[in-house]
Amino acid sequence: MAALSRAVIQLPDFAEMAYKKSLADEERRLRDEEKQERKTAQRQREVDTFGVKQSYYEKSFALEPGAKAVAGEAYKAFEQAGIEYEKTGSEEAKLKMQKAAGVYNQVVGTGLAISNGIMEEAETFRKNPSAFTSESQKVANQAIADRKNINFQPVLENGVLFVTEKGKKIPVTESVYFSTNLQPGYNTLGLVPVDPATKYLDPRDYASLQVNNFKGTDGVMVDDGSNIRYNQSALITKARSSYESDLKNNPSLMEAVILRHSTASSGNPPTPQQRASVIAEYEKNKELLKAAKDNYFKEVTSFIPQFMPAMQRGVAPQRSEPSKRDEELSFFLENSKPTPGVFSDGRRAIRFMSPPIKDIEIDNFNYTIKEVSFDKKGTPSMVITDSEGNVLKNDSKEFKSAYKEALIDMKPYLSKLRAISMNELSRKQPLP
């Protein structure tokens, strides 16, 4: 039997080995945590570069109440997407965060533009409401009253922000309010300034104007020596003729009548961007244009009875005081130089030389009306010169602008001046 070895066997120190391994593991863990913290910090900086948090706290207070609630939900959606990206760093989370930032910027950007625009419109409207058409005044007043009641009922569903608009739940990116598509009475007050040429567009005002213009004219005022009565049918006939003349001489009035008819037909006033296309559509469609003209004058005739004078009994024949229109006509005739002329068919014509029409300023250039006359159809003709005495061509932009302004200046007495000229045209014997 072999002898047993007396050598000492050295066993490993398992405790020391375990300790050293734990130190290595801890060092590795700390390195990994530090690395992860650096990545997280980097992602946090990426989130911050969008500026959403700062924007929300600095700008959201200026939004309208309904829009402010939507901005709050948009900020919450971005915040959630940002936290997910900070934790995971995945491309999917990053894209979701970028999309949320875009939605937030759309909501706050358009919301601020709308809020500021409406405040400016409201202030202008408050200072001078009569500077805007009666229809747009109604729309604006209702819009102002409704501002605090707008409730979009914003809600986040699976990271998508929804709002309720006109009773329909839609993504906020499809909202009319949070878009550049302006809708009068909703995301704009829709104020339409009164054009000087359409001052009497309100049918009630226009009816009053026509009654005042024609109540004292032959055929309307009938004086039998003891009573004075007024022929409403004759007045309406004259008012219609005057109306057609106004439409012909004032393109702005024709456009206003078209837009009024379009608004009544569709239920909504055309936006500023839509007006040109609406007017073009009516100008191409003669039946539609006639309907617009007829419908407006029908409204006018409904108000005429309210302004017709009552019959005066037991009055002596009397001459009415000259109206302002008559006075302006007299001033024109007295201060111009009527010059006779003859058309090729022998009919007589009158040319009003150096008429008392003030010089017209367009783009800092002055233009002078040197002559006014009427052609065989009763259309006004003019000779217009620039500041150096050069005669403008009839098809030039400057002539057309000055011509339009001159017609507006002559409007109070234009129909009577035309009547004088047309009466002269009806005579064929040569002028002496």
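Colleague: How are α7 and α8 oriented to each other?

Modeller: Two packed helices are described by the angle between their axes and the distance between those axes. Here α7 and α8 are roughly perpendicular to each other, a term for angles of 65 to 115 degrees. The axes of α7 (residues 232-249) and α8 (residues 251-266) cross at roughly 105 degrees and come within 5 Å. Helices are DSSP runs of H or I with at least four residues, strands are runs of E with at least two, and both are numbered from the N terminus. This is a predicted model, in which local features need pLDDT of at least 70, side-chain atom pairs count only at pLDDT 80 or more, and totals for chains, interfaces and linings use all residues. Residues are numbered from 1 along each chain as its sequence is written, and side-chain values use heavy atoms, without hydrogens and water.

Colleague: Which residues of α7 and α8 meet?

Modeller: Tyr243, Asp246, Leu247 and Asn249 of α7 meet Pro251, Leu253, Met254 and Val257 of α8, where contact means heavy atoms within 4.5 Å.

Colleague: Which residues have the most contacts inside the largest nonpolar core?

Modeller: In soluble globular proteins, nonpolar side chains tend to be buried together. A nonpolar core is a set of buried Ala, Val, Leu, Ile, Met, Phe, Trp, Tyr and Cys residues joined through side-chain atoms within 4.5 Å; buried means under 20% relative accessible area, exposed over 50%, and partly exposed in between, with a 1.4 Å probe and protein chains only. The largest core has 37 residues, and Val70, Tyr104, Val107, Phe152, Val172, Tyr177 and Phe178 have the most contacts inside it. Helix α4 gives the most to this core, with twelve residues.

Colleague: Where does Asn390 lie?

Modeller: Asn390 lies in the loop between β10 (380-386) and α12 (397-425), and at 40% relative accessibility Asn390 counts as partly exposed.

Methods: Axes fitted to C-alpha atoms, helices over the stretch in contact; angles between N-to-C directions. Parallel < 35°, antiparallel > 145°, perpendicular 65-115°, else oblique.
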